[in-house]
Amino acid sequence: MQVASMHFKARAHEKMNDALLQANLKKMQGKFVANRRASMVELDDFEATRDAGAAIRQRVLDDLDGWLGMFEENARRRGATVLWAETPADVNALVLEIARRHDVRKIIKVKSMVSEESALDHAIEAAGMSVVETDLGEYILQINDYEPPSHIVGPALHKSKEEVAELFHRKHGTPKKDVVEDLCLEARGVLRQHYLTADMGVSGGNFFVAETGSVVLVTNEGNATLATTLPKVHVAISGIEKIVPTLEDVATLMRLLPRSSTGQSICNYLDVLTGPKGEGEFHGPEHMYFILVDSGRTAILDSEVREALRCIRCGACMNHCPVYQNVGGHAYGWVYPGPIGSILTPMYVGLDKAQELPAASTMCNQCGVVCPVRIPLPDLQRKLREQAFEQGLRPWYERAGFRAWAWFARRPALYALASRVGVRVMKAMGGRDRVIRRLPVFGGWTDGRDMPAPAGRTFRELYRARQAGSGAGR
Amino acid sequence: MRVGFFVTCLVDLMRPSVGFAALKLLEAGGAEVYVPPSQTCCGQPAFNSGDRADAIALARKVIEEFEGCDYLVAPSGSCSGMIRTHYAGLFADDAPMKARAEALAAKTWEVTSFLVDVLKVDRVPGRFDGTITYHDCCAGLREMGVKAQPRALLARVPGLRLKEMAEPETCCGFGGTFSIKFGEISARLADNKCQHVAASGADALVLGDLGCMLNIEGRMRRRGDTKTRVLHVAEVLAGERPEPGE
């Protein structure tokens, strides 16, 4: 996927002035937050479950090679082929190679964010094959000329029912519908034909289970079950960090994932897929492949932000992020938006191309307190800010400004003098209304807000005067 | 009990009345308050902007100024949160300094939680005739556990009625230098907050951090609301009115 993260500010401006999008975002946000809160109450001890979830994910990261080795061995034993992709280009090459090997003409896909990283759908089409997304949200985006996803769980959440109705009417040539259920049935009817005629299913993977060599898929629409068992070939693609040791660990994480994500106690469908169809088995593909993708993951593992790899892609951080809630996912300019995207995007595409993202956070830590695997997101954003500062990626005037301010702040006498002058000037600027309408240099503030004028004397000078006035009695 | 009072740079510069209100509350609660005269800033703006070297220099200065006190108390969840949560991490490679940072962190408090949880204060000098709504500032809430304490104290103020607004825990959009670097987004978040305040019908918005106060009040005035007052919780509890110049 093309990276547009360096244009975050301009895109955010555009999105904040898009009235329809703003209405869609508002509706969605309230639902996610309220549903999550309601479902969390069901857990006896949310914090203890989070601890367990974080510990499982951290245990994997602490010995990733070991767990990957165990997964590979068990998956092969069950008849699957395990392949490794170092780069996004490798992912596409491997998928196309598999498709050619099995004379594939049509591929159906179950939502995979990793495949968005490499723009797999475009590669498939460029190779002369057809591809159909089966997750309803992904399908909507695909038929809308591959509009990029705006959310990792609900990729088309930025669209209203009316927009989808209009799109279906235009693309399917069917009468326009205005009931959500009817729209779903229409998509179901279209997709059903593709399930029956596809030669290969490509899925992501919520978890790869080391002890069994299985892939676990979490969906609400049942599309994963059809897409991975009807065609003769199934390819599951996921990042190398998605390993979990045991099925019991999956059970623990599944207490957290749907609740954190959509506020459901449990998802509608959970597929645990292990190897191709065996002798005497009715369901399943004839050939099963796993593609385990690095694409920058080992670099994160060796970095200061390694905890980001614990992520189980629930989307809670973005659902609860005040910035995401107001600018939407497209502003972030790549596959992963919101707080987790502000870490992953710079790490995957380069800090120089995405340094705005970790900066574009109030560090309110609402993401940190909802994250089901305790990723300290603001701390990681700060680490990337430090790297940007150290690498000289911030503008010279910002660096110089901090240096100058800190130089004064370390010299109390000079600082006192400068601040006395400063607050008097600002008080005068405030005039009778006691608000400053326009600040030089800090236009970023006064473009949208006034600055309440200061009192005109600093606390420290007033305090000193008071101490002197109260005499030696104190 | 010797309490070192950390005024914070924003209170020092922008609203000294908050500092005097907090002093009054601490003294009324029985604390012997010491105000280190050389104090300036905790270093958080540098820290959050990636300027670690300057953050370390200022952290060292604060530690030296306050480590002799039994407590460090600040009229801010954000600055006290910086000291309690982040100082030790700045000295990861310097064991003696790290130990000193941890010792200071352990005795660092935000003022309302210090009054309730340490001094066990149950009477306050303030009086307020009207309805207020309370905004939970992010660092106070999520780093310092400040939620019930200010409400418990406000409930003791004669004449004061608390009317909770929608989403009191949602960030106002200040975020330190974020408010300037991403001014448009910051102002939008502040605008959302102003709408919730207005919908609550309260006469005043009360909160515990200067940065958030300036942000919300700035947006409120730009929206044309010149009536709703924006007050620091210490001002309300102490009955100190913010009169410019005094």
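Predicted model: local features only at pLDDT ≥ 70, side-chain atom pairs only at ≥ 80, totals over all residues.
Next, the contact between the chains. Chain A puts 52 residues into it, and chain B puts in 52 residues too. On the chain B side, at least two residues each come from helix 1 (9–14), helix 2 (16–28), helix 3 (44–48), helix 4 (52–66), helix 8 (138–144), helix 10 (178–181), helix 11 (183–200) and helix 12 (210–222). Sorted by class, the side of chain B that touches chain A holds 23 nonpolar, 15 polar and 14 charged residues.

Helix 11 and helix 12 of chain B, both part of that list, also pack against each other, at an angle of about 80° and with axes 9 Å apart. From helix 11 of chain B come B:Ser186, B:Ala187, B:Ala190, B:Asp191, B:Lys193 and B:Cys194, and they meet B:Asn215, B:Ile216, B:Arg219 and B:Met220 of helix 12 of chain B. The residues of this helix-to-helix contact split into 5 nonpolar, 2 polar and 3 charged.

As for chain A, it falls into domain 1, covering 43–295, and domain 2, covering 405–473. Taken over C-alpha atoms, the centres of these two domains of chain A sit 57 Å from each other.

Methods: Residues numbered from 1 in each chain as written. Chains lettered and ligands numbered in written order. Contact = placed C-beta atoms within 7 Å. Helix = DSSP H or I, 4+ residues; strand = E, 2+ residues; numbered from the N terminus. Nonpolar A, V, L, I, M, F, W, Y, C, P; charged D, E, K, R; others polar. Domains from an automatic or database assignment. Axes fitted to C-alpha atoms, helices over the stretch in contact; angles between N-to-C directions.
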